[in-house]
Amino acid sequence: MADNKKIKTALVSVYHKENLDEIIKRLNELGVQLISTGGTKSFIESLGVQVISVESLTGYPSILGGRVKTLHPKIFGGILSRRNNQGDVSQLTEYAIPEIDLVIVDLYPFESTLASGASEQDIIEKIDIGGISLIRAAAKNFKDVVIVPSQNEYQPLLELLNEKNGETSKEDRKWFAGKAFSVSSHYDAAIFSYFNGEGNDAERISLNKGQVLRYGENPHQKATFYKFSNVPSEVTLANAQVLQGKALSYNNMLDADAAWKAASDAFHSVTHIENKVAVSVIKHLNPCGLAVTGNILESLDLAWAGDPISAFGSIICFTETVTNEVAEWFGSKFVEIIIAPEFTEGALEVFGKKKNLRLLVSPVKPEITNEKLYRSVNGGMLVQDEDEGMDTQFEKVTVKEFGSEKINLAKFGVTACKHLKSNAIAIVTQKENGAFWLTGAGMGQPNRLDSLRHLTMPRFNLKEGVKLEESVLISDAFFPFRDSIEAANEYGVKYIVEPGGSIRDQEVIDACNEFDIAMVFTGRRHFKH
C-alpha cells in the first residue's frame, strides 16, 4: 500500500533502558540503522549492535551538562521532513541530513522526582527538553515517522516489528502519534501543576489509564475512574489496595471516599482519647454512624447503633487494624465495603466467606492534604479547596456558659456535621468513658428547620441512655430564624454550635437565652452540596 513505510533509520534516546534490549535486537535483525547518544548509545553498544552517535552526525558534542544533545537541524530535519515534498527532500540532500523513520523516547522522570521530595534544582533538571521536542516532532510527522513516546509503547512496537518486519501503515503511525500527544500533554500538565501558584487563573488536569466501571450512578450511564498522578499527598483512597470482592461501582467509590474522609477527620478531631479508633458508617455519602473511642469494637458498636436501619448495605471505614474479633462481629450483617489500614489473617479468613464484600486497605487520611475538589457543570468545571482542618474558634454568645468540657465534643460534632449533606444538623454525645459518637443527624433538606425536625437516628438513641441535655447540636451554617432554636428546645437540647453570620443572629441568640441554651459561634461554615 502507498501509505506503508519501511523503517530504515531509528533515533533512540531514553532515560530508562529496561525492556529495550529486545527492540534493539529486532531492529538490528531488520537492518535498521540506529542513531543515539550518551547512556543510550552505550547501552546499545553493550548489546553488540552498531550505532551512530548523534555527535558525529551533528558535528557538535553534548553541551551544557547534557541539556543540549539532540536539538539540531540534522536530527529534527530528518524527523520533520515530508517524504512526498520535493523541497524537503532536496534540502535533506543539500545538507546531508538522513531521514529518520522511527523515534524511541523515554522522558526524564519529572513526576517521580517531584514525589521523592527532591530539591528544586533536581526537579528542574528533570524537565525534559530534547525528549519532549522529539516526541512532538515525530508525532506531527506521523505520515512518515513512527514515534514511541514511553515504555508503555515498547510492547506494541515490538509486536509491530515482529508481525510486519519493520513496515508500518498510516493507521499504525497515527495510533502511536495519539499516544505521543497523550504522553506530552500529561508531562506538561504535571510541570505546569508544579509551577502553578496561588492566584493563577489556569488549571490543568491530566487523566491517564482510566478504569471503565460497570456503569455510572445508574445502569444506563457509562462511567470511568481515573487516578490523579500529581496529587499533593501519596495517601489517597485512589491508591487503596482491593483485597477481595466484586468490582467497585461508581456509587461504591463515592461512598468509600466519604467513609474514608469522615473516619479520618473524626480521628484527627479527637485528642483526649489514648489509642483512639474512629469508625464511620456511610450511606449515600452521609454518615449514618460515626464514633471515636479507645476500643475498636466499642467504636463499631456505637457507629452502627447510630442508625442500624440505614447501616444495612453501608460502607464502613476503620482507622485501626481489623481483627478476627471485629470480622466475627459483622456475622450476617450486610455491608458493601469495609476499609481499614490493615486486616489480620484471621479477619481475612472470616470475610473470605462473603465473596461479594469488598475489602480495601488504606491508611488514615492526613488531616491536611491540600487536595482540590473538581465538579463539572454544564459546559464547565468548578475547582475549590477541600474543606480541611479543624475549627478552633468557639465564641460564647449566650448568657448560659458553653462549658470548656464541651469544647472537645463540639470539635468532634463540627467534623461529623461537615460530612453531612446540607442543610445539615448533627447531634453528638459523650459517654461516661469519654467516647464520642454521632447520635442524631438531619441532612439534605431544602431548609434548616426540616433537617432539624427530620433527624434520621431513631429517637436520638434514647434507649442507649443518651441525654439530650448533655449532648451538643451542630449546624453546618447559621440559623436564619429562631424557629430552629424553638425546635431544638422541644427536644431538650441545651448546647448548640453554629457558624453565626446571619443578619438575625441576635434574634437567634435571644431565643437561646430565653430557653437557657448555651451557644457558641465558630465563624466557619461547612456547606456540603
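In which helix is proline 156 found? Proline 156 is found in helix H9, which is shown in one of the views below.

**Figure 1. Overall view of the predicted model.** This is a predicted model, in which local features need pLDDT of at least 70 and side-chain atom pairs count only at pLDDT 80 or more, while totals for chains, interfaces and linings use all residues. Residues are numbered from 1 along each chain as its sequence is written, and side-chain values use heavy atoms, with hydrogens and water left out. The protein has 18 helices and 23 strands; helices (H or I, at least four residues) and strands (E, at least two) are DSSP runs, numbered from the N terminus. Its radius of gyration is 31 Å, well over the 24 Å that the globule rule gives for 529 residues, so the protein is more spread out than a compact globule. The radius is taken over C-alpha atoms, and the globule rule is 2.2 Å times the number of residues to the power 0.38. The C-alpha trace spans about 95 × 55 × 45 Å along the principal axes. Of the 529 residues, 49% count as buried; buried means under 20% relative accessible area, exposed over 50%, and partly exposed in between (1.4 Å probe, protein chains only).

Figure 2. S5 and S6 run parallel and are joined by three bridges, with valine 146 in S6 as the bridge partner of leucine 102. Axes are lines fitted to C-alpha atoms, for helices over the stretch in contact, and angles run from 0 to 180 degrees between N-to-C directions.

**Figure 3. The buried face of helix H9.** In H9 (residues 154–164), Tyr154, Leu157, Leu158, Leu160 and Leu161 are buried. Seen down the axis of H9, these buried residues fall within an arc of 160°, so they line one face of the helix; the arc is that of the directions from the helix axis to the C-beta atoms. Their cover includes strand S2 (9–14), helix H1 (21–29), strand S5 (102–106) and helix H10 (170–195). Just after H9, asparagine 165 takes a positive phi of about 55°.

**Figure 4. Surroundings of proline 156.** Proline 156 is partly exposed, with a relative accessible area of 24%. Leaving aside neighbours within four places in sequence, proline 156 is in contact with Trp175 and Phe176, where contact means heavy atoms within 4.5 Å. The C-alpha atoms of proline 156 and aspartate 172 are separated by 9.9 Å, the two residues being 16 apart along the chain.

**Figure 5. The twelve-stranded sheet.** This open sheet has the order S10-S15-S14-S13-S11-S12-S20-S19-S21-S22-S23-S18, with mixed pairing. Strand S10 (241–244) and strand S18 (395–396) stand at the edges with a single partner strand each, so one side of each is left without a neighbour in the sheet. Strand S13 (residues 314–318) and strand S14 (residues 335–340) run parallel and are joined by four bridges; isoleucine 315 stands opposite isoleucine 337 in S14.

**Figure 6. Strand S12 and its partners.** Eight of the eight residues of S12 are buried, so this strand is largely enclosed by the rest of the structure. S11 and S12 run antiparallel and share seven bridges, with serine 280 opposite leucine 290 in S12. Their hairpin has two residues between the strands, and histidine 284 there takes a positive phi near 50°. Two bridges join S12 to S20, also in antiparallel fashion; here valine 292 stands opposite phenylalanine 436 in S20.

**Figure 7. Leucine 302 in helix H12.** Helix H12 (residues 296–305) lies across strands including S11 (277–283), S12 (286–293) and S20 (436–442), and runs at about 150° to S12. Leucine 302 lies in H12 and counts as buried at 8% relative accessibility. Beyond its neighbours within four places in sequence, leucine 302 is in contact with Ala291, Thr293, Lys431, Ala435 and Trp437. Leucine 302 and phenylalanine 436 are 134 residues apart in sequence and 8.7 Å apart in space, C-alpha to C-alpha.

Methods. Pairing = 2+ DSSP bridges.
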